[in-house]
Amino acid sequence: MSTTKLFEPFQLKSLNLKNRIVMAPMTRSFSPNGVPTDAVAAYYSKRAASDVGLILSEGTVIDRVSSSNDPNIPHFYGESALAGWQQVIKSVQAARGSMGPQIWHMGIMENHHSGWVPAAPFEGPSDLARPGFSNGRAMSEKDIEDTIRAFGSAAADAKRLGFDCVEIHGAHGYLIDQFFWEATNNRTDIYGGKTLSERSRFAIEVIKEVRKQVGEHFTIILRLSQWKGSDYSYKHAKTPAEMEAWLQPLADAGVDIFHCSQRRFWEAEFEESDLNFAGWAKKLTGKATITVGSVGLSGEFLAAFRGESSNPSSLDELIRRLDRGDFDLVAVGRALLADPLWVTKIRDNRSDELKGFTREALVELI
Ligand SMILES: Cc1cc2nc3c(=O)[nH]c(=O)nc-3n(C[C@H](O)[C@H](O)[C@H](O)COP(=O)(O)O)c2cc1C
């Protein structure tokens, strides 16, 4: 099948992309004390030089004492970390690439395996990371207000440093998703409630604040997932109507692009059609969407963490959906982590040179 559509340009507000391929956000933990190093800049600029359309950074945390459980995950606040990010975006743009940081607050977490803990307890809508696992405290309304402001100032910094867009991490069971989820959001104030719409209030206020800080023309991406690390089969929205009630208010608050995280992009979201999450999000909101999940690889990423290797696989089903107009952009994670030249190999039909993914690829930044 022809990959022509993958290599068409894409334009939306501040984004001017040379093709439809997005590097998925991937935590690497190579930023000691939260500061991205020259090696981090080189890692991203190598992908930019090899024609990745849009690079989304690994999750980078906001200015809250307990927004992270890992001292080597980058901060997106403070002079040294922001100077590190300035080098990253400069070198990506020198390689003619486009990039946005993925802005993150982890919420209630397990302690890091190293034993490192932040200087304050983890914080979330409640003290729960998942049913039966408590490790922190419920945020006060003042904590929530300050956290919303911290998301906004990170987005303002992204724009000031020259990034092309910003992505807010609302997926995978972290803070924003902990507010969405009834199992972790048992609040009785305005940030809780019986319906997903009520529990979306925190996310909506974050997006509104981000929009206020970056202005109308700067592209805001929101990453969402139905699944979470502690429950792969969970669905916030069980029907298209529920999905519309979830996504439309977020779109109205200022989201330009929904980044719809699945572990396998070809899985249908609901029974009535073969549309995936990104397909439904686009159909229901009219917004641009990004699909993701095992693109170009035989196995999915959480199994890869457990040691299963993944081999290169055909892009035909992806292209069929892209050509049909289901989604606008395609994010690629592990294939690009393991091989900075993945995009040029696809473009030039050098599929015999594609590499698979094994977890050994995580040991260093190449
Ligand atoms: C090493 C690694 C780190 C990841 N870190 C993040 C992250 O920081 N933020 C996020 O939203 N997703 C993260 N993910 C999920 C990826 O963005 C992506 O959704 C997932 O790997 C599926 O894409 P793939 O099958 O092409 O790898 C990570 C995945 C991997 C493999």
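**Entry 1. Strand β14**

I began with a bridge: Val22 has Ala331 as its bridge partner in β14. I worked throughout on a predicted model, in which local features need pLDDT of at least 70, side-chain atom pairs count only at pLDDT 80 or more, and totals for chains, interfaces and linings use all residues. I number residues from 1 along each chain as its sequence is written.

For elements I use DSSP runs numbered from the N terminus: helices are H or I of at least four residues, and strands are E of at least two. I take two strands as paired if DSSP finds at least two bridges between them.

I find that β3 (residues 21-23) pairs with β14 in the parallel sense, over 3 bridges. I also looked up strand β13 (residues 288-292), which pairs with β14 in the parallel sense over 3 bridges. There, Ile290 has Leu329 of β14 as its bridge partner.

I then checked the directions of the side chains in β14 (residues 329-332): Leu329 and Ala331 point one way, Val330 and Val332 the other, and all are buried. I call a residue buried if 20 or more other C-beta atoms lie within 10 Å of its own, exposed if 12 or fewer, and partly exposed in between, with C-beta atoms placed from the backbone.

**Entry 2. Surroundings of the ligand**

I count 24 residues around the ligand, of which Ala24, Gly59, Phe301, Gly333 and Arg334 come nearest. A residue is near a molecule or strand here if its C-beta atom, placed from the backbone, lies within 6 Å of it. I note that β4 (54-61) and α11 (334-338) each supply at least two residues of this shell.

By class, I record 11 nonpolar, 9 polar and 4 charged residues in the shell. I count Ala, Val, Leu, Ile, Met, Phe, Trp, Tyr, Cys and Pro as nonpolar, Asp, Glu, Lys and Arg as charged, and the others, Gly among them, as polar.

**Entry 3. The protein as a whole**

I find 12 helices and 14 strands in the protein. Its radius of gyration is 19 Å, close to the 21 Å that the globule rule gives for 366 residues, so the protein is as compact as a globular protein of that length. The radius is taken over C-alpha atoms, and the rule is 2.2 Å times the number of residues to the power 0.38.

Along the principal axes, the C-alpha atoms fill a box of roughly 55 × 50 × 40 Å. I find 48% of the 366 residues buried. Among contacts between residues at least 6 apart in sequence, 73% join residues at least 24 apart. Contact here requires C-beta atoms, placed from the backbone, within 7 Å.

From UniProt I took the feature "domain: NADH:flavin oxidoreductase/NADH oxidase N-terminal" (unreviewed entry), placed at residues 5-353. Over residues 5-353 I find 35% helix and 17% strand, with the end C-alpha atoms 22 Å apart.

**Entry 4. Two loop residues**

I looked up Ser126 in the loop between β6 (123-124) and β7 (128-130). Ser126 is buried because 21 other C-beta atoms lie within 10 Å. Not counting residues up to four places away in sequence, Ser126 touches Ala138, Thr184, Asn185, Asn186 and Arg187. Phe179 is 53 residues from Ser126 in sequence, and their C-alpha atoms are 8.7 Å apart.

I next took Pro36, in the loop between β3 and α1 (38-49). Pro36 counts as buried because it has 29 C-beta neighbours inside 10 Å. Beyond four places in sequence, its contacts include Ser31, Pro74, Trp85 and Val88. Between Pro36 and Glu58 I read 22 residues in sequence and 11 Å in space, C-alpha to C-alpha.

**Entry 5. Strand β11**

I find 7 of the 7 residues of β11 (residues 219-225) buried. Thr219, Ile221, Arg223 and Ser225 point one way, and Ile220, Leu222 and Leu224 the other.

Strand β10 (residues 165-169) runs parallel to β11 and is joined to it by 5 bridges; Glu167 stands opposite Ile221. Strand β12 (residues 257-261) also runs parallel to β11, joined by 5 bridges, and there Arg223 stands opposite His259.

**Entry 6. Helix α8**

I find helix α8 (residues 277-285) mostly covered, with 7 of its 9 residues buried. These are Phe277, Ala278, Gly279, Trp280, Ala281, Lys282 and Leu284. Their cover includes α7 (240-253), β12, β13 and α10 (316-324). After α8 comes Gly286, for which I note a positive phi, near 75°.

Methods
Two residues are in contact if their C-beta atoms, placed from the backbone, lie within 7 Å. UniProt positions are given in the numbering used here, feature names are shortened, and annotations may be inferred rather than shown by experiment.
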